[in-house]
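Subject: Structure handover

Hello,

Here is the structure I promised to pass on. Please open it alongside this note and follow along.

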Amino acid sequence: MDNIAIENFAVNAVKDCIFTSELLSPFISDNDKEPSWDGNVYIYKNKRKRADDIIGRVPVQVKGTEKDVLTKKEISFQMEISALNNFLKVGGTMLFVVYVQNPDKGKQRKIYYAALTPVALRALIPANKVKGKKSVRLKEFPSDKGKIADIFLNFYEDVKRQDSFSNAKLQTIEELKQSGQLEGLDIYVSTFGNDSPEDVVLNNDVYLYARMKGCAIPQPIDVLVSEMSVTRVVKASVTVGENELYTEYRVTKRKDNVSIQIGSSLSMIFPKNGELPSMNYKEAKTLRALAKDLEFILLYMDTGKFYIGEKCFLFDYENVDQSNFDVEKQKARLEYLKEVVEVLDSLGYHGDLDLCKLTPEDDRNLRFLVTTLVEKKHKKNLGFKTPRVVKMKVADISFAIYIEPCGDEEYGIYDFFRTELQVAYEFDGEEKLPISQYALLNADDMCKLTNLRAEVFLPSFQKQPRHKDTMNRANLFLLELLKAYDMSVQKRQDLLDSAISFAEWIQTADDSELDKRIRRLNYLQTIKRKGAVNDIEKEELYSMAEDESCLEDCKTAAYLLLDIQPLAQRHFNRMPEQEQRAFREFPIYHFWKES
């Protein structure tokens with residue numbers, strides 16, 4: 001076949017294919033008179049194809065070439081850069097390349113296409129270059145008339161959205177993020193109803209459009225997304241025997257397959273070409289996810305099946321490679337993982353651990369906690385003779401545990417916050433007074449200890465015998481609570497609730513136990529962390545600040561709680577430098593305004 005015959009054959013092949021759609025009309029010439037186009041395809045709202053039913057038209061260029069092999073899904077074709085520039089000038093073009101088999105093989109053909117929108121063209125055309133050629137990627141044109149119509153409709157609408165940006169600089173996602181103007185990203189797809197929007201996304205090139213602050217027009221991003229997947233979470237019971245392991249699973253649709261994700265470790269892939277499904281087990285990287293997934297896979301292998309709702313999935317013993325999966329070792333491992341989960345739960349940590357980030361020391365500490373707190377075994381030869389409280393660290397979390405010698409070089413290990421201890425301290429160098437064990441904690445401990453239980457603090461202090469230093473010690477503990485609350489990143493409500501309870505209890509003291517101004521200021525600074533003080537409390541603070549018998553530190557604190565910074569500064573300046581340094585360490589300084 002000569003070149004003209006091939007081109008005419010290619011044009012007719014494209015026209016015949018487009019004619020199958022009841023919503024498209026091709027007006028494509030086989031004389032190849034135009035320099036860069038062969039005609040247009042008109043898109044209609046309905047089958048009537050009247051003039052007032054036209055949605056729009058798409059410029060078309062058809063190229064034909066003689067080839068022996070017609071099995072490729074994608075091809076590359078060399079186009080003149082001048083032609084690509086012409087495509088950009090008119091706002092985009094649908095390019096077709098038709099492979100025509102040798103004449104002696106019956107003039108078989110295969111059609112490929114590239115939807116060259118302005119964004120796609122700008123990615124293709126080299127900067128400051130008008131001559132030469134550029135390779136264009138094309139993919140197999142479908143034969144389904146519904147898919148054909150959707151390709152033209154989405155191309156036409158993308159061209160409209162991108163038209164006003166044909167000559168503007170397109171920004172990347174990173175550039176938009178840095179500008180602070182990005183509100184979100186959208187993908188637009190349309191369909192005549194033959195395919196779901198999901199399928200249109202998966203089977204076509206799609207574009208990202210940015211929603212910008214103060215701008216009603218979506219802005220195309222300088223990227224073409226050619227490979228997409230759509231994932232959704234399905235609520236359903238996943239069971240093995242009588243055991244419900246999960247209440248949901250994930251379905252991911254891709255162009256060539258559909259996969260089901262069970263938990264974090266097991267996925268089953270179902271190819272769309274009819275091949276047998278495959279199973280992939282890849283261990284989760286976090287503790288709790290792996291414990292659940294490992295239990296599931298072991299039960300699945302043991303029983304030979306699992307259910308999603310009423311649907312049964314059998315285990316393919318013949319085709320699944322089990323060479324790297326020692327069942328007995330994995331069962332022992334699962335038991336240990338469950339014990340680690342149990343010990344973390346008992347210590348009040350319900351988050352997960354990244355197993356990849358655990359150090360050898362972290363692993364030793366976990367095994368220590370499992371042995372002592374779950375298996376209730378004593379440890380031996382720790383090398384000290386008196387009870388002590390220690391902090392044990394695992395990754396970025398830490399726990400306070402109590403270690404008590406119990407004879408024969410053995411030691412009992414207990415959760416510090418669930419064990420009642422007898423603690424006393426020396427008062428005035430002579431007398432030993434009982435005190436709550438939690439008086440040992442400081443603000444940093446309260447922020448960092450994972451097994452902390454703030455609700456046990458006040459009952460523990462109230463349970464101790466009342467003596468001349470009880471309220472002073474309770475007040476010092478209140479100040480540590482307030483510091484901890486201010487230090488906590490997410491402003492922990494449990495610490496503030498405990499502080500309010502302490503402040504209310506301390507107010508019941510008499511003047512011989514603790515100065516009434518200190519009691520009142522600390523109560524008011526505590527409740528101010530929940531919101532503004534009321535009018536009666538403000539009058540009380542004004543009276544305190546204006547009382548000549550009141551010390552400068554109390555006046556400074558009162559004005560801080562009234563949010564009157566200049567007067568707070570004035571009285572602060574009257575304090576000796578040593579008292580100023582001490583004042584800055586008190587939690588009341590939290591209300592200081594530097595400007």
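First, a term for the strands: two strands pair if DSSP finds at least two bridges between them. Helices (H or I, at least four residues) and strands (E, at least two) are DSSP runs, numbered from the N terminus. This is a predicted model, where local features need pLDDT of at least 70 and side-chain atom pairs count only at pLDDT 80 or more, while totals for chains, interfaces and linings use all residues. Residues are numbered from 1 along each chain as its sequence is written, and side-chain values use heavy atoms, with hydrogens and water left out.

The hairpin

Start with β16 and β17, which form a hairpin with two residues between them. Gly-309 sits in the turn, with a positive phi of about 60°. Strand β16 covers residues 305–308 and β17 covers residues 311–314. Four bridges join them, and they run antiparallel. Tyr-307 has Cys-312 in β17 as its bridge partner.

The four-stranded sheet

Next, an open sheet of four strands in the order β18-β21-β20-β19, with antiparallel pairing. β18 (379–380) and β19 (388–394) stand at the edges. Each has a single partner strand, so one side of each is left without a neighbour in the sheet. Strands of a sheet pair through backbone hydrogen bonds, either parallel or antiparallel. Between β19 and β20 (residues 397–405) there are seven bridges. Val-390 stands opposite Ile-401 in β20.

Helix α9 lies across β18, β19, β20 and β21 (410–415). α9 runs at about 125° to β19. That angle is taken between N-to-C directions, from 0 to 180 degrees, with axes as lines fitted to C-alpha atoms, for helices over the stretch in contact.

A buried charge

Asp-362 is in α9 (residues 360–374). What is the nearest side chain of opposite charge to Asp-362? Lys-393, at 4.9 Å. Lys and Arg count as positive and Asp and Glu as negative; His and the chain ends are not counted. Asp-362 is buried (under 20% relative accessible area; exposed is over 50%, partly exposed in between, with a 1.4 Å probe and protein chains only). Leaving aside neighbours within four places in sequence, Asp-362 is in contact (heavy atoms within 4.5 Å) with Lys-357, Lys-393, Val-394 and Ala-395.

Two buried loop residues

Ser-265 is in the loop between β13 (257–262) and β14 (266–271). Why does Ser-265 count as buried? Because the relative accessible area of Ser-265 is 3%. The side chain of Ser-265 makes a polar contact with the side chain of Asp-293 at 2.6 Å. A polar contact is a pair of N or O atoms within 3.5 Å; within protein, one must be able to donate a hydrogen and the other to accept it, and residues adjacent in sequence count only if both atoms are side-chain atoms. The Ser-265 side chain also reaches the backbone nitrogen of Ala-284 at 3.0 Å.

Ile-125 is in the loop between α3 (118–124) and β7 (133–140). Ile-125 is buried, at 14% relative accessible area. Beyond its neighbours within four places in sequence, Ile-125 contacts Ile-81, Leu-84, Asn-85 and Leu-88.

Positive phi

Most residues other than glycine have a negative phi. Lys-49, not a glycine, has a positive phi of about 55°. Lys-491, not a glycine either, has one of about 50°. Lys-49 is partly exposed, at 26%. Lys-491 is partly exposed, at 34%.

Best wishes

How values were computed. Salt bridge = Lys/Arg side-chain N within 4 Å of Asp/Glu carboxyl O.
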